[in-house]
Structures are given as structure tokens and as C-alpha cells.
Amino acid sequence: MHRRTAAALAAVLLAGGLAPLTLSAPASAAVAKHYDDFNGDGYRDLAYGHYYQGISGDDGWDGGAVNIVYGKAGGLDTSRTQVVHQDSPGIPGTGEEDDAFGDSMTSADLNKDGYADLIVGNPMEKVGSTQNRGTVTIVWGSRSGLSGGTNVTPKSGAGSYFGRDLATGDFNGDGSPDLAVIGGSETWLYRGGFSKSGTTGSVSKIDKEGQGWYSSGLAAGKVDGDGRTDLVVLGEQFIDNKPVPRIWFLKGATGGLTSGASKTYSSAPWTAAIGDFDKNGYGDIAVGLPDNNGGKGIVSVWRGTSSGPSGSMTYNQASSGVSGSPEADDNFGYAVSAGDINGDGYADLAVGVPHEDVNGLADQGGVHVFRGGSDGLTGTRSSWVPQTVQGPADSHESFGYALRVRDVTGDGKADLAIGAADLSVLLRGSSSGPTTTGLTELPEMGGAFSD
């Protein structure tokens with residue numbers, strides 16, 4: 001999922017290192033139950049970009065880092081964290097000031113050993129004499145946590161900024177996770193399995209050949225109900241010599257991915273999430289368009305059907321029942337994430353508005369949560385999560401610049417992780433929506449969440 005971090009992030013630099021964890025629970029020799037359980041103990045873990053990503057070198061690394069908070073019974077254990085960067089033991093490459101290790105992230109058990117693996121993009125990496133060649137590193141899960149890594153070899157023809165965005169899923173339905181990578185203006189599909197020696201399944205290019213297509217972001221999920229993972233590519237297409245913002249649906253198939261419908265917008269699609277908001281068995285595609293209408297922003301939901309996406313609905317701060325009002329540069333839809341927060345079986349949608357001004361405080365930000373139902377999403381079932389849940393009201397908090405909705409606590413209700421410039425938090429899901437009861441502060445966050 002393509003993301004852009006907030007302009008104002010706190011200048012807090014905390015030291016960290018790669019600390020192996022000793023755990024008693026072994027993993028089975030099968031695909032991990034959770035694609036984000038890096039140590040195989042049955043609990044989901046959370047990965048996100050570290051404060052300032054080590055650009056200054058004061059933290060013991062340069063050019064980006066990823067922070068991991070490991071899970072435990074009932075939620076995250078903030079006393080068990082790990083920092084991974086290119087100067088960590090076993091990670092390929094060397095951290096350099098202009099790198100962006102962790103600019104994109106996703107996860108899956110790529111080698112099917114029972115431990116989820118973290119896939120990290122570093123699109124600014126210099127390779128040899130080539131500036132911005134980019135790298136993608138698989139950091140391998142193990143009983144002791146993430147340890148060691150292997151670079152994914154770019155296919156001949158893949159352009160610069162390899163690793164600009166990433167997505168995983170079983171696109172061909174063979175039981176092995178696959179990996180989609182943006183390199184240059186194209187998307188590249190790496191089929192499983194993967195090995196620590198660097199081998200993968202076959203690799204193919206995903207592009208609208210000769211049609212002026214440029215890829216910028218990815219989202220994966222199940223749209224048409226056939227059991228295979230589908231892929232949504234965000235980008236633009238030159239039509240009559242003019243760039244047209246679009247998204248492109250690709251259906252999972254035994255051969256990999258097959259081209260489906262495209263949808264055109266009046267502003268650039270920044271991010272997307274897939275969830276079954278009306279519980280009809282088909283995933284709906286929520287697209288964040290924060291630049292729309294002078295930066296007021298909208299979210300467009302492309303509805304899933306058995307034949308792929310068809311028909312759409314649009315939501316913004318002028319929708320009936322939605323708190324606030326649309327204003328220039330609010331950037332409604334800057335971040336989106338989907339999951340069943342209240343445990344009623346319908347996916348809900350969290351929408352970040354990081355540049356919302358509140359009571360005269362510029363860019364304080366906030367998050368709208370749209371509850372799903374038999375009629376899909378509606379503003380009348382939306383609620384507002386203010387920045388003040390994490391502390392006193394303040395300007396330039398950019399609360400909601402990054403979002404992730406997943407059931408970290410294991411209670412059947414998805415929890416809402418929210419990125420902010422000063423203090424990022426995890427709100428537990430409940431039958432009434434996100435709750436501050438049991439709020440968890442996320443340490444050392446300064447980037448995006450892993451998908």
C-alpha cells in the first residue's frame with residue numbers, strides 16, 4: 001500500500017539494536033497462521049518505520065530502520081522490541097545516509113517454515129554506481145524473532161526505485177505466498193517458494209504494455225471470492241499524452257495474475273485497502289484520494305463482485321453523519337486501513353485526516369472510523385477518533401498519517417494502530433469500536449506501518 005509520511009515528525013532519536021528473543025513455543029513446518037507472527041508463538045507482531053529512520057547515524061545506523069514490537073497474550077509487549085537495519089548482523093548491504101530502508105514493508109511466511117518473514121523495501125539504495133537502484137530484503141522469521149536476510153534479485157528490465165512498494169498474497173492459489181514489487185514503472189510478480197539462498201519461483205512483469213502505464217502503489221486482498229489473492233495497482237496512465245490517475249485490478253489466477261478493470265480518478269490515488277464492508281463474500285476496494293478537491297480529500301470504495309470490482313461509492317467529510325467539514329488541505333484519505341474492529345463480521349474502514357485543523361490548532365489530525373453493515377459503509381455509522389486520545393491537544397501532530405487495522409490482541413476484534421508525529425498508539429477494538437481502554441503507546445515510531 002503506497003504511503004507518504006507526514007511532513008512533521010518528532011525529532012526523537014532513541015538507541016536500539018538487534019536483540020534475539022528466547023521463546024519456548026516452536027513453530028510447525030507449515031505456513032505461519034499469521035502472516036505477521038515473526039517468532040511463531042501464535043501472536044501477531046507489529047513492524048513500522050523507526051524515528052527518523054537513523055538518518056543522522058546517531059542511533060548506530062544510517063539510512064533507515066524498522067522497529068518491531070512483539071506480541072503476547074492479550075496484545076503487544078512493548079518491553080520486547082527489535083530494531084532491524086542494514087547494519088544489523090546478517091542483513092545485506094550497508095546503511096547509507098540517503099537510503100530509505102523501511103520506506104515500504106509487507107510480510108508473509110515466504111519460505112513456509114512456520115515463521116512469518118518481513119519484506120523491506122529500500123527504494124533509494126545505491127547499488128554499485130547506480131543511484132536509486134533500490135533493493136528489497138527478506139528478513140527471515142525464526143523462533144528467536146527476525147534474524148538474517150536475503151535480497152530479492154531484480155529481474156532484468158526492472159527500473160530504478162526497486163521496492164517502492166510491496167504486497168504479498170497467494171495470487172495463484174497454490175498454497176505458497178507470492179510477492180509483488182514495484183520497480184521502475186512496472187510491477188513484478190515473484191512466485192513462491194522462496195529460499196534463504198535467494199531462489200524464488202518464476203518472475204513476470206505486470207504492465208499495460210504500450211499503454212503508458214506507471215505503477216506507484218499496491219494493495220492485495222480477496223475481491224472476487226474465488227479464494228485466490230487479487231492485486232490492485234495504483235498509478236497513472238498516459239491517455240492522449242496526458243497523465244490520468246487510475247487504479248488497476250488484477251485477478252488472482254493459476255498462472256499468477258490476469259488483467260481486469262481499471263478505474264479513473266481526478267486526483268492521484270495514494271493508498272488502498274481491501275475489506276468486505278457488506279459481508280457479501282466479496283472484498284471492496286477503498287481508495288484514499290487526499291489531494292482531491294484542493295486537498296479536502298475523498299475515499300472512493302469500488303465494490304467487489306464475483307467478476308471483480310463494479311460500482312462505487314464516495315465518502316468525505318461532507319457525507320451525512322461524518323464529523324467535521326471538508327477544508328482545503330485536510331487530506332481526508334491520506335491513510336486507509338480495513339478490518340473488523342467491533343467483531344460483528346463486517347469489515348470497517350479507518351480513514352486518516354492528518355492535516356485537519358482542530359480548534360485553531362494546525363494539522364492536529366484525527367481518524368474517522370466507518371463501520372460496515374449490510375448496506376456497506378455509511379457516514380451515519382462513522383465515529384471520530386481525536387488526537388487527544390494520545391495526549392494533550394497540540395498542533396502539527398499529524399495524527400492519522402499512518403493506520404493499520406489488525407487483531408493484535410487475539411480477541412476477534414481488530415485493533416487500530418495510529419501513527420502520529422509525537423506519540424503513536426494502538427487502540428483496542430471493542431463492540432462499540434476503538435477504545436482507549438488498554439491503550440498501548442508504540443515506541444520509536446517515525447514511519448509507516450507494515451501492510
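The following legends describe an overview and several close-up views of a predicted model of one protein chain.

**Basis of the views.** Residue numbers start from 1 along each chain as its sequence is written. In this predicted model, local features need pLDDT of at least 70 and side-chain atom pairs count only at pLDDT 80 or more, whereas totals for chains, interfaces and linings use all residues; side-chain values use heavy atoms, with hydrogens and water left out.

**Figure 1. Overview of the protein chain.** The chain contains one helix and 28 strands; these are DSSP runs numbered from the N terminus, helices being H or I with at least four residues and strands E with at least two. The C-alpha trace spans about 55 × 50 × 40 Å along its principal axes. Of the 451 residues, 58% count as buried. Buried denotes under 20% relative accessible area, exposed over 50%, and partly exposed the range in between, with a 1.4 Å probe and protein chains only. Among contacts with a separation of 6 or more, 53% are between residues 24 or more positions apart, a contact being heavy atoms within 4.5 Å.

**Figure 2. The aromatic pair of Y48 and F449.** The whole structure holds six aromatic pairs. Rings of Phe, Tyr and Trp (its six-membered ring) pair if their centres lie within 6.5 Å; planes under 30 degrees apart count as stacked, over 60 as edge-to-face and the rest as tilted. For Y48 and F449, the ring centres are 6.0 Å apart and the planes stand at 80°, so this pair is edge-to-face. Because Y48 belongs to strand β1 (residues 46-50) and F449 to strand β28 (residues 445-449), the pair ties together parts 401 residues apart in sequence. Both Y48 and F449 are buried.

**Figure 3. The aromatic pair of Y214 and F238.** These two rings form an edge-to-face pair, with 5.7 Å from centre to centre and 70° between the planes. Y214 is in strand β12 (residues 213-221) and F238 in strand β13 (residues 230-239), so the pair joins parts 24 residues apart in sequence. Y214 has a relative accessible area of 42% and is therefore partly exposed; F238, at 37% relative accessibility, also counts as partly exposed.

**Figure 4. The ring cluster of Y315, F332 and F370.** Ring pairs link Y315, F332 and F370 into a cluster.

**Figure 5. The cis peptide bond between G192 and G193.** The bond joining G192 and G193 is cis, with omega at about 5°. G193 is placed in the loop between β10 (186-190) and β11 (203-206). Most peptide bonds are trans, and most residues other than glycine have a negative phi.

Figure 6. Y161 is not a glycine, yet its phi is positive, at about 55°. This residue sits in the loop between β7 (149-151) and β8 (166-169). With a relative accessible area of 35%, Y161 is partly exposed. D363, likewise a residue other than glycine, has a positive phi near 55°. The position of D363 is in the loop between β21 (348-352) and β22 (366-370). D363 counts as partly exposed at 23% relative accessibility.
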